[in-house]
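Colleague: Hi! Could you walk me through this model, starting with the overall picture and then a few spots inside it?

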Amino acid sequence: MSYPRQFKVEPGTQVKLAELDPAFKGHHEAHAAAAAEIEHYSERLRVLQELLYAEGRRSLLICLQAMDTGGKDGIINHVLAAMNPQGCRVAHFRRPSPEEAAHDFLWRAHRVAPARGEVVIFNRSHYEDVLVVRVHQLLAKSVWSARYERINEFERALTEDGTVILKFYLHISSEEQLARFKERLDDPTKHWKISEADYLERRFWPQYLRAYEEALFRCSTERAPWYVIPANHKWFRNLAVARIVVERLEAMGLKYPEPTVDLTRIRREYHAAAAQ
Ligand code: ATP
Ligand code: MG
C-alpha cells in the first residue's frame with residue numbers, strides 16, 4: 001500500500017494511537033537500505049518545490065505535531081534541506097504572545113500561512129489550541145470544543161484558495177521519548193534542547209494521546225488530511241513524510257508557467273546582438 005494511503009487517517013475514522021506501531025519501518029531493514037530511496041524523494045522534493053514556486057499560483061502548508069523529542073526539528077531539517085530556501089519558511093507556534101492572545105486563536109496561524117508559490121512548515125500549529133489547551137484546561141471545555149469546527153472551516157478556506165494542506169502527527173513511543181531525553185542529557189551539544197517542562201509533560205502522556213485522537217478524528221478531512229507517521233526510527237519518519245509530500249505535490253499537476261514575453265522577438269534580438 002502506498003504511504004499516503006497507509007498512514008492517512010481516513011476522514012470519520014477513530015484512530016487508536018496505542019494500536020499503531022511507532023517502530024514500524026516498512027520493507028527496509030535499516031537506514032542504509034533506505035538511503036537510495038530517501039535520496040530519490042529528496043531530489044523529487046527539490047524539483048517539485050521549484051515548480052510550485054515557478055507556477056506561483058498555489059501553495060503548500062505542512063503542519064507538524066508531536067510529543068517533545070518526536071522529531072519535528074528533524075523533519076523540518078530533512079524536508080527543507082531538499083528545497084530552495086527562497087520560497088520556504090518555518091513558523092513556530094509557542095505559547096501565545098500578548099498580541100496573539102488578544103486575537104482569536106486562528107489569527108496567528110492565518111498571518112503566517114503560505115503565500116502563493118510558497119511552502120510553509122508549521123512547527124506545532126493551530127492544533128495546540130485543542131491539544132495543550134485541552135490537556136491543561138487552559139480554557140473552558142465549551143471554548144476549546146468549539147474549535148474543531150473552526151479549524152475545519154479555516155482549513156477549508158485555505159484549500160479553496162489554492163493551499164494544499166498536509167498534517168503529520170509524528171508518533172513515538174513513551175520509551176523512545178525517554179531514550180531521547182537520555183541522549184540529550186549525555187550529549188553536551190544537546191543540552192540546550194532540554195527544558196524541565198518537557199519532562200513534566202510526560203505525566204500527561206495519556207491525556208495528550210486522547211487529545212490527539214480527538215483532533216485526528218474531528219479534523220482529518222479529504223481536503224486537509226492527517227497522517228500518523230511511525231517516528232521511532234528517524235530515517236523511516238523522514239522517508240515517509242517526504243514520500244507523502246512528493247506524492248501530493250505530484251498530484252497537483254504543477255507546470256512551469258507560460259513565458260510572459262515574446263521569445264521569438266527576444267531570440268531575434270539576441271542573435272542580432274551576438275552577430276555584431
Ligand atoms: P523544541 O523541540 O525546541 O522544544 P517546541 O515546539 O517544544 O520545540 P518550545 O518553545 O519548547 O518549542 O515549546 C513551545 C510550547 O508552547 C509547547 O509546550 C507548546 O505546547 C506551547 N504552546 C503552543 N501553542 C500554545 C497555545 N496556543 N497555548 C498554550 N501553549 C502553547
Ligand atoms: Mg519543547
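Predicted model: local features only at pLDDT ≥ 70, side-chain atom pairs only at ≥ 80, totals over all residues.

Colleague: How many helices and strands does the protein chain have?

Modeller: The protein chain has 13 helices and five strands. Helices (H or I, at least four residues) and strands (E, at least two) are DSSP runs, numbered from the N terminus.

Colleague: And what box do the C-alpha atoms fill?

Modeller: Taken along the principal axes, the box is roughly 75 × 45 × 40 Å. The chain exposes about 14,500 Å², and carbon and sulfur atoms supply 53% of that area. Accessible areas come from the Shrake-Rupley method with a 1.4 Å probe, and for residues only the protein chains shown count as cover.

Colleague: What share of the residues is buried?

Modeller: Of the 276 residues in the protein chain, 47% are buried. Buried means under 20% relative accessible area, exposed means over 50%, and partly exposed is in between (1.4 Å probe, protein chains only).

Colleague: Okay, helix pairs next. At what angle do H2 and H12 pack?

Modeller: Helix H2 (residues 31–55) and H12 pack at about 35°, with their axes 9 Å apart. The axes are lines fitted to C-alpha atoms, for helices over the stretch in contact, and angles run from 0 to 180 degrees between N-to-C directions.

Colleague: Is that crossing left-handed or right-handed?

Modeller: H2 and H12 make a left-handed crossing. A crossing is left-handed if the near helix is turned anticlockwise from the far one by less than a right angle, and right-handed if clockwise.

Colleague: Which residues meet there?

Modeller: From H2 they include Ala-34, Ile-38, Tyr-41 and Leu-45, and from H12 they include Trp-235, Leu-239, Val-246 and Leu-249. Sorted by class, the contact of H2 with H12 has eleven nonpolar, one polar and five charged residues. Ala, Val, Leu, Ile, Met, Phe, Trp, Tyr, Cys and Pro count as nonpolar, Asp, Glu, Lys and Arg as charged, and the others, Gly among them, as polar.

Colleague: How do H3 and H12 cross?

Modeller: The axes of H3 (residues 72–81) and H12 (residues 234–251) come within 10 Å and cross at roughly 55°, so the two helices are oblique to each other. For the labels, angles under 35 degrees count as roughly parallel, over 145 as roughly antiparallel, 65 to 115 as roughly perpendicular and the rest as oblique. The crossing of H3 and H12 is right-handed. Gly-74, Ile-75, His-78 and Val-79 of H3 touch Arg-237, Asn-238, Val-241 and Ala-242 of H12.

Colleague: And H8 with H11?

Modeller: The axes of H8 (residues 147–160) and H11 (residues 205–219) come within 10 Å and cross at roughly 50°. H8 passes H11 in a right-handed crossing. In H8, Tyr-148, Ile-151, Asn-152 and Glu-155 meet Glu-214, Ala-215, Arg-218 and Cys-219 in H11.

Colleague: New topic: where is Thr-69?

Modeller: Thr-69 sits in the loop between strand E1 (59–66) and H3. Its phi is near 70°, a positive value in a residue other than glycine. Thr-69 is buried, with a relative accessible area of 10%.

Colleague: What is the phi of Arg-124?

Modeller: Arg-124 has a positive phi of about 65°, although it is not a glycine. Arg-124 lies in the loop between strand E3 (119–123) and helix H6 (132–135), and it is buried at 18% relative accessible area.

Colleague: Last one: what does Arg-248 contact?

Modeller: Leaving aside its neighbours within four places in sequence, Arg-248 is in contact with Val-164 and Leu-166. Arg-248 is found in helix H12 and is partly exposed, with a relative accessible area of 31%. Arg-248 and Leu-60 are 188 residues apart in sequence, yet 9.7 Å apart in space, C-alpha to C-alpha.

Methods. Residues numbered from 1 in each chain as written. Chains lettered and ligands numbered in written order. Heavy atoms only, no water. Contact = heavy atoms within 4.5 Å.
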